[in-house]
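Please look through the model shown below before reading on. The paragraphs that follow go from the single chains to the parts that join them.

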Amino acid sequence: MKLLLKNREMLLVVAIIALLALIAMRFPPFVAPGNLANVYNDTSILIILALGQMAVILTRCIDLSMAANLALSGMAAAMLNAAFPGLPVPLIILTAVALGAALGSINGLLVWKLDIPPIVVTLGTLTIYRGLIFLLSGGAWINAHQMSDAFKALPRTSILGFPLLSWLSLVIIAIMVVVMRRTPLGRAFFALGGNPHAAVYTGIDVGRTRFLAYCLSGTLAGLSGYLWVSRYAVAYVDIAAGFELDIIAACVIGGVSIAGGIGSVGGAVLGALFLGVIKNALPVINISPFAQMAISGAVIIIAVAVNARAEKRKGRVILRKAEAAHG
Amino acid sequence: MKILKTLLVTAAVSVAMMATAQAETKKIALVVKALGIGFFEAANKGAQEAAKELGDVEVIYTGPTTTTAEGQIEVINSLIAQKVDAIAVSANDTNALVPALKKAMDRGIKVISWDSGVAPEGRLMHLNPSSNPLIGNMIIKLAADNLPDGGDVAVLSATATSTNQNVWIEEMNKVLPNYKGINVVATVYGDDLADKSYRETQGLIQSHPNLKAIIAPTSVGIVAAAQAVTDAGKIGQINVTGLGLPSEMAGHVKSGASKSFAIWNPIDLGYSATMIANDLIGGAEAKPGAELKMGRMGTVKLDDKNEGAMADPFIYDAKNVEEFAKIF
């Protein structure tokens, strides 16, 4: 199975390189190193969010409320900054992260304690969180000139030639690799998604593990809230509207199985990058906006189709092993 | 019986008193979508200016506390009871207000709508802040005014299917030959999403190295484009302009990413609505082709749907944006 995942990641790497080559034929400056760094920076927020979503999907759940959580945490951070310009930025980030974690834990508790289907819970909280932004802000925008310079400058701060936003996503990728591979929690995500009943027998608390997955996705959404608002220097009710679908698409393209139990940090990151390259390339290769939507959609369906095939092959392999054991 | 008589007499006297009071000052009600919104407070400022200029007009500034049609209907009913002479309304719903406004017109009250209109049967005329041809001309003029030698400009719109933006861009293209040396090199769509608009702007900067201006006739797009130009270090090379709100654009005008942009002036709008209402009370008739007086704003000519356009969108730049940013 590990080999298969490796293959899949390799497949994605090849796909991304092929995509870049294709774009370069139409618009060569796109593949200049400086521009590729920009593309990575632009995709950083999607990568962070996709990693949170991956943890949730691994446990056979889904988090549709991530973009709404991002928007609410981001709005709270922006309003805090507008009201108290003297407040240190790290404190504001901490508030956004804490708020995001709290919003995620609400999802987790509803799934855990009330046993409501995750898609229903997060569809509900998606609407509630968006509504809360309106209540909080009264529908007003927080604009660039209301934010302090330090608040806007942080993700743009250049370290060794790369913006802090890019570095931050790299740090989070590293943390997630450790969490998923080296901690009991990470293994619990996989075990639970692979077979929830078997996981119970190995002593894993299914509800609690799912709760923690939602806390993780909420925390990352909260952090992304600050990053988003600061990067685009504007906060309003509809920021990141519909972005939850991009996050899920990144996971699916990256080989995270919607049925749970299968996925990897590398896959989710590559899935997000694949989408990021497309999103950044479409504006420069000069094609109709209607075709753009169709292309984005087609890519997702192709990815799911490839995914389904990959999973089927895995099934056959297990069966053969089982037969061999019996015979 | 006696009590009834007394009541009747009192009623008659009060009606008579009201009638004389009416002859002295005309009462014009300015009904807004909701109280406490900067845009409408500014409209009221204009209405009061008109009242002062006319001398014999009292403006009643009113509206519900939340932007609901139900709230506005209540307000209109109470204005009918107060026997105002005219109602100028910015409606929360095109159709829901019609019965209440019809009742007002049956009582001889002159009803007009402004900013956000009501269906034709519910008003005598509707005042649009501007018109599609005027807006189309303004957005290209904003770019051209800062490019005396001409140059490449691009349009960043909302979605490819947004009716308003498409009409404005179409009108802009019609008058494009009047602006010598200005080439529109691309039209891209940011879908009114901050992140997509930002990326589309980055794309424009990359694929058109000689780009001199970006026209964004949408409030999300103009802000995102200004931020993208700032982040790309292109302030001074690329001017972001279009339609936006002063409170949202103040920072970008200050930084220089946007030299100027346009949107309706709410003060002029409140002023004109009051002036038109006064003209109608004075006996002017609202019919297709009629010209109604708007004081310092000139006259408005009604089209076949009894609608008229006030003026060009108002230009905001470093000189006045701070002042208007406090209003809306």
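A residue is called buried here if 20 or more other C-beta atoms lie within 10 Å of its own, exposed if 12 or fewer do, and partly exposed in between, with the C-beta atoms placed from the backbone. This is a predicted model, in which local features need pLDDT of at least 70 and side-chain atom pairs count only at pLDDT 80 or more, while totals for chains, interfaces and linings use all residues. Residues are numbered from 1 along each chain as its sequence is written, and chains are lettered from A and ligands numbered from 1 in the order in which they are written.

Of the 327 residues in chain A, buried ones make up 48%. The secondary structure of chain A consists of 13 helices and two strands, where helices (H or I, at least four residues) and strands (E, at least two) are DSSP runs numbered from the N terminus. The radius of gyration of chain A, taken over C-alpha atoms, is 20 Å, close to the 20 Å that the globule rule gives for 327 residues, so chain A is as compact as a globular protein of that length; the rule itself is 2.2 Å times the number of residues to the power 0.38. The C-alpha trace of chain A spans about 75 × 55 × 40 Å along its principal axes. If two residues are taken to be in contact when their C-beta atoms, placed from the backbone, lie within 7 Å, then 79% of the contacts in chain A between residues at least 6 apart in sequence join residues at least 24 apart.

Chain B has 11 helices and 14 strands, and 49% of its 328 residues count as buried. Its C-alpha trace spans about 90 × 35 × 35 Å along the principal axes. The domain assignment, which is automatic or taken from a database, divides chain B into domain 1 (2-129 + 266-310) and domain 2 (132-263), and the centres of these two domains, taken over C-alpha atoms, are 37 Å apart. In chain B, residues 24 or more positions apart account for 71% of the contacts with a separation of 6 or more.

Helix α8 (residues 219-231) of chain B reaches 19 Å from its first C-alpha to its last, close to the 18 Å expected for its 13 residues at 1.5 Å a residue, the expected span being 1.5 Å times one less than the number of residues. In α8(B), 13 of its 13 residues are buried, and the helix is followed by Gly233(B), whose phi is positive, near 70 degrees.

Two aspartates can be set side by side. Asp115(A), in the loop between α4 (89-113) and α5 (118-137) of chain A, has a positive phi near 60 degrees and counts as exposed because it has 9 C-beta neighbours inside 10 Å. Asp191(B), in the loop between β7 (182-189) and α7 (194-207) of chain B, has a positive phi of about 55 degrees, but counts as buried because it has 23 such neighbours inside 10 Å.

What joins the chains? The contact takes 19 residues from chain A and 22 residues from chain B. On the side of chain A that touches chain B, the elements that give two or more residues are α12 (265-281) and α13 (289-326) of chain A.
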